[in-house]
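Thank you all for coming; I would like to walk you through one structure this morning. Please have the sequence and the model open while I talk.

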Amino acid sequence: MSYDRVEVPDDGEKITASDAEGQELDVPENPIIPVIHGDGIGKDVGPAAQQILSAAAEATGRNISWMRVYAGETAREKYDENLPDETVEAIREHRVALKGPLTTPVGAGFRSLNVALRQTLDLYANVRPTYYLDGVPSPMKSPEEMDMVTFRENTEDVYAGIEWEAGTDEVEQVRDFVEQDMGFDSTIHEGPVGIGIKPITEKGSKRLVREAIDYALEHDRDKVTLVHKGNIMKFTEGQFSEWGMEVADEEYPDEEVFAAPDSLWETQEDIDIPEGAVMVEERLADAMLQWMQLRTDEFDVMAMPNLNGDYLSDAAGAQIGGLGIAPGANFGDARCLAEPVHGSAPKRAGQDQANPSAITLSGALMFDYIGWEDAAQLVKDAVEETISSGKVTYDLERNLEDAEKLSTSEYADEVVSNIEKLS
Ligand code: NAP
């Protein structure tokens, strides 16, 4: 594609797919990587992350040619559009990109640009590793017990955007269909109603659970937990779990992956798992939120529908010190859009105070994905070194004694100087 409105760097090369199925990447040493700084604190943390990631790339003998693309506030200012086609195409074409948070209005206004990007690019797995970094203040007694990776389905569920506003003709047509044609008479209260639809497909569920199991096998993890609310939403969340168990049962040998569909009501000790196999178990989402706090070290890789994943990964992030340090990335077939768990935090925007660790560590996930494991490790080590030396942004400083509060840009400089020391 030719880009009329954004500048393509002339000194980098494109990451391409190396096989016909488009599953594997060919990564040059000087890739072009599109970046969206994002709204709100994105303007602070986006450039800081770029600075740190560039330093880690250089320290490991590479160079990133960043291609700045626009969405949200900056796209509205520049082009009077929320999500220009060029931005979507730049990410599609260059396969790997970094993104800051984008604001979504509540109640009315445009639909989430984050969801639109994930759906348009079919980035079906939102992966959020939650692990403890030394020196981070946490409300938990043993935060180091947390080492979990959440696989959140990213393209369907109530996020599919199939909903009708109260007071419209459309919502009344849907009400009539549900009550008269489908027989749910008297189920919906009289008067104005908003209605949404929650699609959970076999395709969406199975490919997500497959990704989670493959990750567990590749990273020597013991367990994949399917987290759902299938006792209430039997034909959507319950079906997600059944399809997930089918993947575990039918697509892998028992000695590698052991499906435990009866695990919902059993404790782990009651289940006879073949030695060395990854167990795929299921848990109800509400109970999971308490076990995550009370039995943190029992959980490993988790796979779940979209909304559960949204709630659960924020809660998990709080256990290891908050959203300022919680990374994430969206994956599709041979594509990765790295983005932090947090949003645009409007009240902190433009004040050079937000913590850039989450988006920076998201960049480390992107590095891992393109095979730059050494650069990824360097980023993680330098962030941990900075925090454990007591040099932190406001969000961590307020919960630490004797820490030095740094601005976003001072913190980025400090991480870069630790990259230089550690490399
Ligand atoms: P949020 O932006 O994640 O912020 C909630 C609070 O978390 C902040 O006020 C701040 O707490 C803390 N926080 C988040 N990121 C931080 C950082 N980097 N450093 C330090 N503290 C951080 O959640 P929200 O206020 O619910 O959402 C705001 C907007 O972001 C909404 O429009 C929402 O739709 C959008 N959003 C976008 C994404 C995305 O782009 N993927 C994800 C989630 C939300 P304190 O002020 O208490 O310090």
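Predicted model: local features only at pLDDT ≥ 70, side-chain atom pairs only at ≥ 80, totals over all residues.

Let me begin with strand 14, residues 329–332, and strand 15, residues 335–338, which run antiparallel and are joined by four bridges; two strands count as paired if DSSP finds at least two bridges between them. Within this pairing, Ala329 has Ala338 in strand 15 as its bridge partner. Strands here are DSSP runs of E with at least two residues and helices are runs of H or I with at least four, both numbered from the N terminus.

Residues are numbered from 1 along each chain as its sequence is written, and side-chain values use heavy atoms, with hydrogens and water left out.

Strand 14 also pairs with strand 6, again in the antiparallel sense, over three bridges, and there Asn126 has Asn330 as its bridge partner in strand 14. On to strand 7: seven bridges join strand 6 to this strand, the two running antiparallel, and Pro129 stands opposite Val149. How many of the seven residues of strand 6 are buried? Six are, so strand 6 is largely enclosed by the rest of the structure, where buried means under 20% relative accessible area, exposed means over 50%, and partly exposed lies in between, with a 1.4 Å probe and protein chains only.

These strands belong to an open sheet of 11 strands with mixed pairing, in the order 4-3-5-15-14-6-7-13-10-12-11. Strand 4 and strand 11 stand at its edges with a single partner strand each, so one side of each is left without a neighbour in the sheet.

Let me turn to salt bridges, each being a side-chain nitrogen of Lys or Arg within 4 Å of a carboxyl oxygen of Asp or Glu; by this rule the count comes to 24. One of them joins Asp157 and Lys198, with the closest N and O atoms 2.6 Å apart. Asp157 lies in the loop between strand 7 and strand 8, and Lys198 in the loop between strand 9 and helix 6, so the pair ties together parts that are 41 residues apart in sequence. Both Asp157 and Lys198 are buried.

Finally, Glu29, Arg62 and Asp374 are linked in a network of salt bridges.
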